Amino acid sequence: MIQVADEHSAADDRINEHIYVPEPAVTLAVEPMAPLDTCFEFQLESGRSLGHMPGQFAQVTIQGIGEAPISIASSPDEQERFRMLVRRMGNVTGAMHALEPGDRVFMRGPFGHGFPVESDMLGKDILYVGGGCGMAPLRSAIAYTLDPRHREKYGRITILYGCKEPRERLFRGDLADLREREDIAFRETVDVGDEDWHGNTGVITTLIPGVDLDPGRTVAVVCGPPAMYRFVIAELEKKGLDDRQTFLSLERHMKCGVGKCGRCQINDLYCCQDGPVFRLADIRNHPEAI
Amino acid sequence: MGVKRLEPEALKTWVDGLIELGRVVGVQAREDRFVFDELGEAEDLRLDYDTTVLPPKKYFLPPEDAFLEFKDGSYRPLDRAEPYVLLGVHPYDMAAINQLDAIFLQGNTDTHYRALREAAAIVVTDVQNASENCFAGCMGTATVEDGFDILLTRVDDHYLLDWRTDRGEELAVPVMEAPDAEREDLLARERVWEKNRELLQQLKLEVPPETLPSILAKSWDDPIWEDKAELCFSCGSCNLVCPTCYCFDVHEDVNWDLSSGTRTRYWHACMLEPFARVAGGHNFREQKVSRYRHRYYRKGKYIADKYGMSGCVGCGRCIGSCPAKIANPVEVYNHLAEVSS
């Protein structure tokens, strides 16, 4: 049962001005995807669109439990509905895994700088490199760039995706669609296969040497676990990509999302505001970044 | 704006008058240390203190501070705060408050901080006795020009009360009968400021604070980080007593009815092991050395680069609070200045 938001008043304007007050949203769909990962579809109760760009995140509140930063996994083109892929890791994400359609959550955001889909990526070939649940924010950009309304703004699109094992593969319906598409190249791998797995095995970096790319016109977009970046960057360099063409979405615990709490500092940068997506050239001299 | 000359007895009468009108927080002795606390009578006020255990930031960023409440399925800000007088802030602590103002009020305004900050009428008092670890005179914070409502300066055996804002003038109404400060008094006050800029160099930073960012830019791999961090207990005392440390954690606290409660921020500290840990257990500053070094870069470079003012105001509290005796910014920065020159 969804409760209707309070009537509007002058006090509400004061609340809206408050950077920490979350607004109610309703859970529309719950789709378990892997042992620890579930995808949720939400909509703000006000009916307005979240207004995010690919790569941005929002702060999700489970009332009485707390708040956690979660990346948005759907394209802005889906308008007022948006999706989040949540790995069960802590108090808030654990409570999210108990959500059912119709349940109320609260949202703040969107926050931060996302992937440069409307700037540096325009007119370029795009190489997506996703590891594990790093596929969640990438999915937003992939969906955006593959959308018929935007597809012609980009050149060749290559998508690489790696997971630890087959049962951790996320967005399997999407993966099947990507495999069918003829206007893109899609490669997948798992670190360790099983008897039903007939695809590539090996870590994500083993896919990069086989990619046919023109370094002069390619932008790489990378998201994965913290340990993945160094190795992926080394492989991209071998392909001739320079630091200005590579964009990374970094993880930190962004408690406030608005540059106040200090938790997400990467040297002098704030992951929540300067990132979470950074151009490699801008963090190359930041020893804490990767 | 105006300046009155008050004898010590007249100052006491004024403070007791403020206490009668409303809440006053002032510096008081607790055994052999000093603290900011609720002031019951002017007799307890100690304007001759050297430094307080905790800086006055505890009134703007309380150690535990509920900033939202939730009930009936919605969240509301807890931004109400009653006006009061904060009496006896030293200039270096005022400089720190001005820095917190820049951080919390610029850009995304933290309305909760703003409410707590606006509630306070601040009376700054020029230092009479320096603490043994103070180096505010090296950091340009032995005196302060703005951010406060009233400045109290002891000159010889009397005080000058200088109001700078409408709110300060309102508080000064009861002393309007006192004599105006003469030119001679104002000159004597300038000599106090001049003396304090020297007095508050109990420890001596050998380079101007403006050079710290460029010195630190060359010091990432200096062995001092390892040498000091090896002794660090990761207790966070240096963070807790720092007037410019403001990082926080956020918890949701539920009431007994299980349907209402508060969202509360708590002081966090970059020297504590979990500070940069993320879901799944990865810790971006797992090693003590990375946490120790981060704190000095934060104070000496990152804040300076972003806000144009040093993140360290030179109060010296961290030096006295560190059980391992490794938290001396003057020692660290002087070493780096020497090896990088």
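1. Two residues are in contact if their C-beta atoms, placed from the backbone, lie within 7 Å. On that basis, 15 residues of domain 1 of chain A are in contact with 16 residues of domain 2 of chain A. The domain 1 side of that contact divides into eight nonpolar, four polar and three charged residues. Here Ala, Val, Leu, Ile, Met, Phe, Trp, Tyr, Cys and Pro count as nonpolar, Asp, Glu, Lys and Arg as charged, and the others, Gly among them, as polar.

2. This is a predicted model: local features need pLDDT of at least 70, side-chain atom pairs count only at pLDDT 80 or more, and totals for chains, interfaces and linings use all residues. Residues are numbered from 1 along each chain as its sequence is written, and chains are lettered from A and ligands numbered from 1 in the order in which they are written.

3. Domain 1 of chain A covers 10–111, and domain 2 covers 125–249. These bounds come from an automatic or database domain assignment. Taken over C-alpha atoms, the centres of the two domains are 25 Å apart.

4. Chain A has an open sheet of seven strands, order 10-9-8-7-11-12-15, with mixed pairing. Strands (E, at least two residues) and helices (H or I, at least four) are DSSP runs, numbered from the N terminus. Two strands pair if DSSP finds at least two bridges between them. Strand 10 (200–201) and strand 15 (277–279) of chain A stand at the edges with a single partner strand each, so one side of each has no neighbour in the sheet.

5. Strand 8 (157–163) and strand 9 (184–190) of chain A pair in the parallel sense over seven bridges. A:Leu160 stands opposite A:Arg187 in strand 9. Helix 3 (135–146) of chain A lies across strands 7, 8, 11 and 12 of chain A, at about 155 degrees to strand 7. Axes are lines fitted to C-alpha atoms, for helices over the stretch in contact, and angles run from 0 to 180 degrees between N-to-C directions.

6. Chain B also has an open sheet of seven strands, order 1-9-8-7-6-2-3, with mixed pairing. Its edge strands are strand 1 (2–6) and strand 3 (33–38) of chain B. Strand 8 (150–155) and strand 9 (158–163) of chain B pair in the antiparallel sense over six bridges. The bridge partner of B:Arg154 in strand 9 is B:Tyr159.

7. The contact between the chains takes 35 residues from chain B and 35 residues from chain A. On the chain B side, strand 10 of chain B gives the most, with six residues.
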